[in-house]
Amino acid sequence: MPRLRVRTLVPGRLEQVYEHVTLFPVEGQVDVGAMESQYGKLLEREKNTLTFLENVGDGLKWRCVFDPPDQRTMHALDSSWSDRIDRFEAANGGTLWTITWELKAGGIKRYTQWLTFLLREKRRIYQRVVSPVIVHFQEEDPGA
């Protein structure tokens, strides 16, 4: 079963990188306004599990499970969209950030998505999602 994966080393402390990427605090209170600006309308919350409605098409529900500072899992509910898992590990003076998408499609569609990811989408995701996080932490600590 192919998985789609992007991995990078971010020049920041584990807790800082986790909070910057997920907007979920390692300690303290959740800023619901900030979370809704990134994830969509908050529909439900039970401890570290929040369900959002993203304004995509007819609306896309995400159940986000936060396990600070190690992982965020985003389950696409009632949808064929891929689930996304972000893992964070302290490594070499920075944070190793791994994003994995678990495909819900089957058969030839799964392999078509995998091939499209390798040939086109992986680079676009790196430019739009990963690179801004790296730049943020490089600007925060120019000696990194």
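Helices here are DSSP runs of H or I with at least four residues, strands are runs of E with at least two, and both are numbered from the N terminus. Before going on, this is a predicted model, so local features need pLDDT of at least 70 and side-chain atom pairs count only at pLDDT 80 or more, while totals for chains, interfaces and linings use all residues. Residues are numbered from 1 along each chain as its sequence is written, and side-chain values use heavy atoms, with hydrogens and water left out.

Now the other end of that helix. D31 caps the N-terminal end of α2, with a side-chain oxygen 3.2 Å from the backbone nitrogen of G33.

K47 has a positive phi, near 55 degrees, without being a glycine. K47 belongs to the loop between β2 (41-46) and β3, and it is exposed, at 70% relative accessible area. For the record, exposed is over 50%, buried is under 20%, and partly exposed is in between, with a 1.4 Å probe and protein chains only. D78 is another non-glycine with positive phi, near 50 degrees. D78 lies in the loop between β5 and β6 (83-91) and is exposed at 80%. And which peptide bond is cis? The one from P68 to P69, with omega near -5 degrees; P69 is in the loop between β4 and β5.

On to the pocket. The lining has 25 residues, with W81, R84, W101, I125 and V129 nearest the centre. Helix α3 gives the largest share, nine residues. By type, the lining splits into 13 nonpolar, six polar and six charged, where nonpolar is Ala, Val, Leu, Ile, Met, Phe, Trp, Tyr, Cys and Pro, charged is Asp, Glu, Lys and Arg, and polar is the others, Gly among them.

What about the core? The largest nonpolar core has 30 residues, and M35, F66 and W97 have the most contacts inside it. Such a core is a set of buried Ala, Val, Leu, Ile, Met, Phe, Trp, Tyr and Cys residues joined through side-chain atoms within 4.5 Å. Looking beyond four places in sequence, W97 is in contact (heavy atoms within 4.5 Å) with partners including V6, R84, F88, V129 and V133.

Last, a strand pair of residues. T73, in β5, counts as buried at 10%. Its side chain makes a 3.1 Å polar contact with that of Q71. That term means an N or O pair within 3.5 Å; within protein, one atom must be able to donate a hydrogen and the other to accept it, and residues adjacent in sequence count only if both atoms are side-chain atoms. T73 also touches R63. R63 is in β4 and is partly exposed at 32%.

Conventions:
1 Å grid on protein atoms, 1.4 Å probe; cavity = no way out; pocket = protein on both sides within 12 Å on 5 of 7 lines; lining within 4 Å.
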